Amino acid sequence: MKDLLTIADLGADGIHEIMHAADSFAEVCQRPIPKVPALRGKTVASMFFEDSTRTRTSFETAARRLSADILNFSASSSSVNKGESLRDTVETIEAMGVDAIVVRHKSSGAPQQISRWADASVINAGDGWHAHPTQSLLDVYTIREEGRNFDGLRIAIAGDISHSRVARSNIEAFTTLGAEVTLVAPPTLLPPYVETLGAKVSHDLDAILADTDVLYLLRMQNERMDQALVPSLHEYHRSFGLTPDRARKLPASALIMHPGPMNRGIEISPEVVDDPRVRVLNQVTNGVIVRMAVLYLVLGSAAADRSNP
Amino acid sequence: MSLFIHGGTVIGSNGAERSDVLVTGSSIVATGLDLPVPNTARHIDATGMVVMPGLVDLHAHLREPGNEEAETIETGARGAALGGYTAVVAMPNTAPTIDSPSIVRDVLAIAEGVPCEVVPAAAMTVGREGKLLTPMGELAAMGVRIFTDNGRGVQDPALMRSIMEYATGLEAVTGGAPVVLAQHCEVEALTAGGHMHEGEWSTRLGMGGLPAESETLMMRRDIALARRTGARIHFQHVSTAEGVDIVRAAKAEGIALSAEVTTHHFTLTDAACSSYDPVFKVNPPLRTDADLAAIRLGLADGTIDCIATDHAPHEPHTKEFPFDQAPPGMLGLETALALAITELDLPIERIVELMSTRPAEIAGLSDRHGNPVEAGQRANLAIVDPNAEWTISGTGMASRSHNTPYEGRTVRGKVQYTILEGELTVDEGKATR
């Protein structure tokens, strides 16, 4: 595996391979000194063209625990604001000698473009509305950690599907592993031709809760009101927010997940955040573990490719 | 100077037939077999080739004035000649906009002596801002026949109605020739935030889409306004199946209307965007297989009048930005004829109609372009080997830019000679100037 751009590139086998590697790094993270020399001498460039403190610190923590060096690049402090092309920016960073580029970009497809220009491995840390494969991998890890079997697992993803890279990648990951995915949103927050994504669709959160094993909530953004996609956050919360009443309709064994950061009072009521079924902090912990596995597999196999031409 | 073109198949008023052609000065002086040939004539062996009227493109962006790094009138004209064109209508979305007599004069002065006739279209609204009328009367009086805000459509229906009404009065200054209002049909309120066709692919790729209705709503509006005003309208780059149906129905109703499609809309679909390579970004966007099939049908059944290139050069680095930041547009002049021959299952006579005869009529150039290859006509010709195969390469083009979406594709149909006013602008496949 040279790059990790989308879940589709991995397939079920690729996901399983990463899960197995993550199991051993979970053990590493339990140690008093949670650090291994696996990537000593490797340089990981962290190129965030869009701010994201969580994903960035998660990747950087993962890289440090593998003893890799980190080269930091932020769009706000860079020549990107001076009109430099993406290709020029990437070639400049690569000329400094990097083995992997972790890229977050507000434009869909930017990691695909970068992978065509760069010799280094490219890991997609989220691109536009398109994909966020490491988020999906940590979500799979979190569900799997609970001993759940994906075959036939009923997962509902509720919220702004249209503008969500997490939704697109998670639909791919969950369905690849055999889960049944239902998207729950008002029609204005579903993309056109939504059926092409391979999930079922509902506009009625109350109707599906009793038959849901995992409820995955997405972050609702203020600008959707300005675009007249929903009337108000208040109405959104009433129709699609996880209120205490709705939480009671979910099975006791269900899991409640969210990629963060949560909008308390919008997609989830404040009192539900503390529900024992919520796995949000496990997701964050697992993010580091899974990203260690991804960095290790990408850089490990790339090194092997170079030594066996 | 005479040219004796022998051995070719000639597209005359009775269709394609074996004939020789004798050109003297800027005119065709004789066609037929066993022609008396002057000793000094240059002999051109057209065996196995088609001798056709030079092609006419209703829609090219030559970028000059204002963006000469991407293309100049000269390099664009050279590419056009290599593509078999003898006349090209230059879009007015330059900097400054072609919206006044002095800029039209500038463009014509720059175009003096380039290897293809360059015919400036002028904007309908000042600066293409969609607010005030350009001096259409003055522009029409100096010969402008096509008005367009191309790159944008006129959004305000009241303004569009006014443009149409005003245009119907301009025959007073054109000597009866109609002024053509060429619309780029795009309701911008529906395309804001869009970068490719809104469809299954945009959903999968997580990209904002341009829905088909952004084109068809404006087409329906303009047909309604044309029905009322009697203005002569032309739809640029029709890209949707519904758009083709709208044109078919409006023509059946008797609306004075013509329509073009681009080469890329009958050869490529939105699936090409899955690589996120901005070379496939264009406006209107590449659409679906069903749209492509409807466009091909429209070309075959006569609904669509012509093939245009929408030749849109962009400097290489501008296509090395993310897809949503890169400018839309692709090269077309040097590849359009070969793609039409290769991809369309149409007789060569129909291709000539689509790429020469009809566009010449629409642009008001029929006194010198787009006519049957016959004695008495002006010698604006293309000589094409319809079976010669070649491989498209962006860097091998005359254009200053390289943004062809067909890089590496092998096509059939090579322009070997182009003749402008009796002079070779392309000789054995090479530009002469």
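**Close-up 1. A:Ala293 lies in helix α12 (residues 280–307) of chain A.** Helices are DSSP runs of H or I with at least four residues, numbered from the N terminus. This is a predicted model, in which local features need pLDDT of at least 70, side-chain atom pairs count only at pLDDT 80 or more, and totals for chains, interfaces and linings use all residues. Residues are numbered from 1 along each chain as its sequence is written, and chains are lettered from A in the order in which they are written. A:Ala293 counts as buried because 26 C-beta neighbours lie inside 10 Å. The cut-off for buried is 20 or more other C-beta atoms within 10 Å of the residue's own, with C-beta atoms placed from the backbone. Leaving out residues up to four places away in sequence, A:Ala293 touches A:Ile18, A:Ala21, A:Ala22 and A:Phe25. Contact here means C-beta atoms, placed from the backbone, within 7 Å. A:His132 is 161 residues from A:Ala293 along the chain, and their C-alpha atoms are 16 Å apart.

**Close-up 2. Helix α3 (residues 86–95) of chain A packs against helix α4 (residues 110–117) of chain A.** The angle is about 55°, and the axes are 10 Å apart. Axes are lines fitted to C-alpha atoms, for helices over the stretch in contact, and angles run from 0 to 180 degrees between N-to-C directions. α3(A) is therefore oblique to α4(A). Angles under 35 degrees count as roughly parallel, over 145 as roughly antiparallel, 65 to 115 as roughly perpendicular and the rest as oblique. The crossing of α3(A) and α4(A) is right-handed: the near helix is turned clockwise from the far one by less than a right angle. From α3(A), the contact uses A:Leu86, A:Arg87, A:Val90 and A:Glu91. From α4(A) come A:Ala110, A:Gln113, A:Ile114 and A:Trp117. The contact of α3(A) with α4(A) has five nonpolar, one polar and two charged residues. Ala, Val, Leu, Ile, Met, Phe, Trp, Tyr, Cys and Pro count as nonpolar, Asp, Glu, Lys and Arg as charged, and the others, Gly among them, as polar.

**Close-up 3. Helix α8 (residues 213–229) of chain B packs with helix α9 (residues 241–253) of chain B.** Their axes are 9 Å apart, at an angle of about 15°. α8(B) and α9(B) are therefore roughly parallel to each other. B:Glu215, B:Thr216, B:Met219, B:Arg220 and B:Ile223 of α8(B) meet B:Glu242, B:Gly243, B:Ile246 and B:Ala250 of α9(B).

**Close-up 4. Chain B touches chain A through 18 residues of chain B and 22 residues of chain A.** Helix α7 (residues 200–205) gives the most to the chain B side, with four residues.

Conventions:
Helices (H or I, at least four residues) and strands (E, at least two) are DSSP runs, numbered from the N terminus. Two residues are in contact if their C-beta atoms, placed from the backbone, lie within 7 Å. A residue is buried if 20 or more other C-beta atoms lie within 10 Å of its own, exposed if 12 or fewer, and partly exposed in between; C-beta atoms are placed from the backbone.
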